[in-house]
Amino acid sequence: MQQSITYTKLLALALALLSLCTIVQGQSIDQAVVSGKVSAASGGPLTGVTVVLKEAGLGASTDANGRFTLAAVAPGAYTLSFSYIGFETQEKAIQVKASEQLTVAITLQEKAFEINSAEVVGKSATTQVNQQAYAVTAISTKALQNSTSDAKEVLNRVAGVRVLEEGGLGSNASFSLNGFSGDQVKFFLNGLPMNNFSSSLRLSDIPVNTIERIEVYKGVVPVWLGTDALGGAVNIITSKKANYLDASYSVGSFNTHRTSLNGAYTNPASGFTFRGSGNYNYSDNNYKVRVPIVRNGNVETYADVERFHDRYRSATLMLETGWINRKFADNLLFGLIASGNDQQVQTGATMSSVYGGILSNSQSVVPTLKYSKDDLFTKGLNVSLNTAFNYTKSEKIDTLSGVRYNWFGDTTYTRGSRNGEVLRTFNTLDDTDFNSQLNIGYTINPKHSLALNYAFSYFRREAFDKEDPDKPENRFPKSLNKQVAGLAYKADLSEKWTTTLFGKVYLFTTETSKEVGFGSETRRVEGVKVNNNKVGYGFASSYFLLPALQLKASYEHTYRLPEPSEVFGDGLFILANPDLGPEQSDNFNLGAAYGFKLAPDHEINLESSFIYRESKDLIFQNVKISSPYTSYGNLSEVRTLGVEGSIRYNWRELLNLGGNITFQDITDQADSLYDDYSGWSRNFNKGFRQPNKPYLFANANAGLTFKNLVAPNSTIGLNYYYNFAERYFYTWAQNGTREGKAVIPRQLSHNLEVLLSLANGKYNISAECRNLTDELLFDRFLLQKPGRAFYLKLRYVL
């Protein structure tokens, strides 16, 4: 094992040195550099804009700050072309002098119509020349904003991504990206960590028409996100239009209702802006599930019954005001996020138990501050600060006395018992979480730049159980402190090759309690404090072998620090683990993207990537089929081998076809295991795949778009989505008899969607059927998902 990691590090070092060797290459002294920034009319930077210097055949793509650089430009007259999905293409004539460093600023205007075919743009899949080294897919939501989709469903169609759900609307979901899952992949909302918002704001709570785009970083995560992600990050960008109003309402099966209202006002003269977004979600989630009927401890038969205690409702309000495009700041915005949810709990970690009285709710208030300024004090010095303070109050309630439910909703009573359905509790968790991210970037010259990030997070929990006021562990403080500092150096020495080297420092401190002396007369609970300091490093490099063929390679020695819910539990089904430690991994990624046209109207894009990972102390969720409880632990050694591929075809704006497939082999490689009670013992799971994670899955889609068919300025769209997952085990594969293996069966599902847009997108209506063939679908510990469902959405845009 150590030898394989050493080879990986040597290979990574060799590639890094090979990339840096170009630094010594000289440039002709009379060649110039053209650089600049591309912004939207609202003032925000545009990422992924294609910039082409027509007469020279040079191209680039803007980075996360909207900046681009074209090097080795000969003196002369040129035309700069700027193009971006959803914006008007713009051209600018320039005159370049010998040895000049010319700077250009461009503002793009949004198109007045919407595109009705799902378009994926960004650094990992674009068919244009792209200098970014990070593997990132940016998903435009313009074609999806009339659908009933939410952020979770959009992400589930991306290559390498699998969202595992525990049920219907509002249920817990685990996000998997190229074998990385759970909190190994970090989520951001406009650059703010979403784990800051607790459970009161989930992916399924964010309707798609509030989102401008979703950025999926695969593998190495840019330093500017300031996170301890092990293998990827997702940044959800909400609408940044300067002035607009967008309202929608959808209704569907299982008494599901979803409303959304979004708008913004910006004064172009003063730069004052105000924007707001609100949404409400409700569902009874009373879909039918197939369950075993058990009598006297034996399964007699199976029955299709309706879930009866699974209602979910949530509301979110996001407000932001301040100034943009001023001398003192490009953005100075003060915000407030208020969200809450209320959920009935039908099952525990598995469907072996059913409940009729357990409740869970959560409310969060999050003040935010965002500041950014390019060229602060001196040209090339860019600074941004994102800060949020979150206060969340959540309750886990299990107060029925001596009551038991079965799947028919029938109850049995135990006279004189005060026991709850799981463990009698009225647990209140008061969580405070402060998070701040400072980014400082400095452009040494158009070819070399530095980026520094410092992220600080402090979490504290106070717990009180009305049913057990003297609970020992609640008397001890529960706090978690994370600090991540990163420094990156980027070299752009030609329009073909770009390389980034970076290093990170991780500091982690937690205070909690731990039970000691189990099974002895000295059994007690005592406070513990744990400190961890780690150092990570890596590189990312991108090279265009051909103008439309991009190759990427990246390596990272990285760490992921435990999250509060993993260490402290959730007060109900997730048990605390104070001994949980950071997970570390050596990750190596290779990727390629190729785009070409068979004819002017036929465009094909191909993309593929390979991942190899050696991990230690991997954090995983442990569950027993017969228990409602789950907990997080560390697997000592895990190896991951994965590959994914995708293809997209577009014919004009009429037809789009696409598909992707992912294979990931995640196996336990430890020879022995250790626990506090039995010491070291043989690991019988060695060589087996990690349970409860699909290893082979695929998606496909097809779309037709017809313009001006029913009326002038109208659009009709018909979209089909297919999802496949091969059967896999949800406990260790060697457990149980051949006939009694814990298996999640092969999954096949079909979704169909019809959309109508009138008056250039002002009036919109869509209808969708999910799980068209009413298949039995399962995820995460064989928890059943909804069957066939219908949804209707109305949307008005001003």
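Predicted model: local features only at pLDDT ≥ 70, side-chain atom pairs only at ≥ 80, totals over all residues.
Two strands are said to pair if DSSP finds at least two bridges between them.

**First stop: a sheet of three strands**

Now widen the selection to the whole open sheet, whose three strands run in the order β4-β1-β7 with mixed pairing. At its edges lie β4 (67-73) and β7 (101-108), each of which pairs on one side only. From one strand to the next, the twist averages 20°.

**Second stop: a buried pair**

Side chains of opposite charge can pair when their charged atoms come close. The model holds 21 salt bridges, counting a side-chain nitrogen of Lys or Arg within 4 Å of a carboxyl oxygen of Asp or Glu. Select Asp-246 and Arg-795, which form one of them, with the closest N and O atoms 2.6 Å apart. Asp-246 belongs to strand β17 (residues 244-252) and Arg-795 to strand β48 (residues 789-797), so this contact ties together parts that are 549 residues apart in sequence. Are these two residues buried or exposed? Both Asp-246 and Arg-795 are buried.

Glu-653 sits in the loop between β36 (630-651) and β37 (655-668), while Lys-707 is in strand β40 (residues 696-707); the pair links distant parts of the chain, 54 residues apart. Glu-653 has a relative accessible area of 43% and is partly exposed. Lys-707 is also classed as partly exposed, at 36% relative accessibility.

Select Asp-671 and Lys-686, whose side chains meet in a salt bridge of 2.4 Å from N to O. Asp-671 is found in the loop between β37 and β38 (672-675), and Lys-686 in the loop between β39 (679-682) and β40, so the contact ties together parts 15 residues apart in sequence. How do the two residues count by accessibility? Asp-671 counts as exposed because its relative accessibility of 54% lies over the 50% cut-off, whereas Lys-686, with a relative accessible area of 38%, is partly exposed.

**Last stop: a network**

Finally, select Lys-37, Arg-67 and Asp-374, which salt bridges with shared partners join into one network.

Conventions:
Residues numbered from 1 in each chain as written. Heavy atoms only, no water. Helix = DSSP H or I, 4+ residues; strand = E, 2+ residues; numbered from the N terminus. Axes fitted to C-alpha atoms, helices over the stretch in contact; angles between N-to-C directions. Buried < 20%, exposed > 50% of the residue type's maximum accessible area, 1.4 Å probe, protein only.
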